Amino acid sequence: MERKSFQLGDIVQMKKPHPCGTNAWKVIRMGMDIRMKCTGCGHSVLLPRSRFEKRMKKVLEPSREEGKQDQS
Ligand SMILES: [Zn+2]
């Protein structure tokens with residue numbers, strides 16, 4: 001089974017687009033609830049994590065703050 005992973009700052013696509021026509025949301029808060037913001041109109045929505053995971057389709061653009069693995 002596919003496990004969805006996402007993190008703060010990711011741009012995600014949901015199964016259902018926002019009524020404004022945009023289907024790209026930025027994760028702006030993580031916790032028991034996930035707060036995401038529509039990148040089209042700026043509307044923000046708070047969803048319980050389980051609900052968010054069910055509705056999320058995929059990560060469109062991963063957050064760039066992925067870690068400090070770039071030490072050469
Ligand atoms: Zn919108």
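Predicted model: local features only at pLDDT ≥ 70, side-chain atom pairs only at ≥ 80, totals over all residues.
1. Let's begin with the parts list: the protein has 1 helix and 5 strands. Both words come from DSSP: a helix is a run of H or I of at least four residues, and a strand is a run of E of at least two, numbered from the N terminus.

2. Residues are numbered from 1 along each chain as its sequence is written.

3. Now look at the sheet. Which order do the strands take in it? The open sheet of 5 strands is ordered β4-β3-β2-β1-β5, with antiparallel pairing. Two strands count as paired if DSSP finds at least two bridges between them. Strands of a sheet pair through backbone hydrogen bonds, either parallel or antiparallel.

4. Next, the edges. Why is one side of β4 and of β5 left without a neighbour in the sheet? β4 (44-48) and β5 (56-61) stand at the edges and have a single partner strand each, so one side of each has no neighbour there. On average, neighbouring strands of this sheet are turned by 40° against each other, direction ignored. For such angles, axes are lines fitted to C-alpha atoms (for helices, over the stretch in contact), and angles run from 0 to 180 degrees between N-to-C directions.

5. Antiparallel to β5, β1 is joined to it by 4 bridges, and M14 has M56 in β5 as its bridge partner. Towards strand β2 (residues 25-29), β1 has 2 bridges, again antiparallel. Here I11 stands opposite K26, and V12 stands opposite W25.

6. Continue from β2 to β3. These strands run antiparallel and are joined by 4 bridges; a hairpin through 3 residues connects β2 to β3. W25 in this pairing stands opposite C38 in β3.

7. How many residues does the largest nonpolar core have? There are 9: V12, M14, W25, V27, I34, M36, C38, F52 and M56. A nonpolar core is a set of buried Ala, Val, Leu, Ile, Met, Phe, Trp, Tyr and Cys residues joined through C-beta atoms within 7 Å. At least two residues of this core come from each of β1, β2 and β3 (33-38), and β3 gives the most, with 3 residues.

8. What does "buried" mean here? A residue is buried if 20 or more other C-beta atoms lie within 10 Å of its own, exposed if 12 or fewer, and partly exposed in between, with C-beta atoms placed from the backbone. Of the 72 residues of the protein, 14% count as buried. V27, found in strand β2, is buried because 20 other C-beta atoms lie within 10 Å.

9. Two residues are in contact if their C-beta atoms, placed from the backbone, lie within 7 Å. Leaving aside neighbours within four places in sequence, V27 is in contact with F6, L8, G9, D10, V12, I34 and M36. I34, counted in the same way, touches V27, R29, L47, R49 and F52.

10. F6 sits in the segment before β1 and is partly exposed, with 19 other C-beta atoms within 10 Å. Beyond four places in sequence, F6 is in contact with V12, V27, M56 and V59; F6 and M56 are 50 residues apart along the chain, with 9.7 Å between their C-alpha atoms. K15 lies in the loop between β1 and β2 and counts as exposed, with 10 C-beta neighbours inside 10 Å. K15 touches R55 and K57, not counting residues up to four places away in sequence, and the C-alpha atoms of K15 and K57 are separated by 5.4 Å although 42 residues apart along the chain.
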